[in-house]
Amino acid sequence: MFVVHFFEDKNELLNQLLGRVPSAGEDVVIKGRKGKVSSVASMDDAHVHVHLFFEKPVQNKNKLVVDNKKKKR
């Protein structure tokens with residue numbers, strides 16, 4: 001069993017006790033966000049640091065225009 005620390009830049013996102021360590025280039029979903037493993041560093045026998053980069057969320061540019069003419073008074 002390994003204690004896996006997941007990092008995005010210098011921010012620690014998650015600690016997990018896992019039986020298998022993710023490898024570099026593997027797809028990962030953490031807290032509902034999709035990302036890829038950029039590097040894996042072993043600190044000692046039980047601790048592993050995994051550095052991730054996340055995909056940018058796609059923003060919908062088609063906003064609905066609210067019609068203010070029909071406001072209730």
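**View 1. Salt bridge between E26 and R20.** E26 forms a salt bridge with R20, the closest N and O atoms lying 3.0 Å apart, where a salt bridge is a side-chain nitrogen of Lys or Arg within 4 Å of a carboxyl oxygen of Asp or Glu. This is a predicted model, in which local features need pLDDT of at least 70 and side-chain atom pairs count only at pLDDT 80 or more, while totals for chains, interfaces and linings use all residues. Residues are numbered from 1 along each chain as its sequence is written, and side-chain values use heavy atoms, with hydrogens and water left out. R20 counts as exposed at 54% relative accessibility (buried means under 20% relative accessible area, exposed over 50%, partly exposed in between; 1.4 Å probe, protein chains only).

**View 2. Salt bridge between E8 and R33.** A search of the whole structure finds three salt bridges, and in one of them E8 pairs with R33, the closest N and O atoms being 3.2 Å apart. Because E8 lies in strand 1 and R33 in strand 4 (residues 33-42), the pair ties together parts that are 25 residues apart in sequence; strands (E, at least two residues) are DSSP runs, numbered from the N terminus. R33 counts as partly exposed, at 37% relative accessibility.

**View 3. Salt bridge between K36 and D27.** The closest N and O atoms of the salt bridge that K36 forms with D27 are 3.3 Å apart. K36 is partly exposed at 34% relative accessibility, whereas D27 is exposed, with a relative accessible area of 56%.

Key. Helix = DSSP H or I, 4+ residues; strand = E, 2+ residues; numbered from the N terminus.
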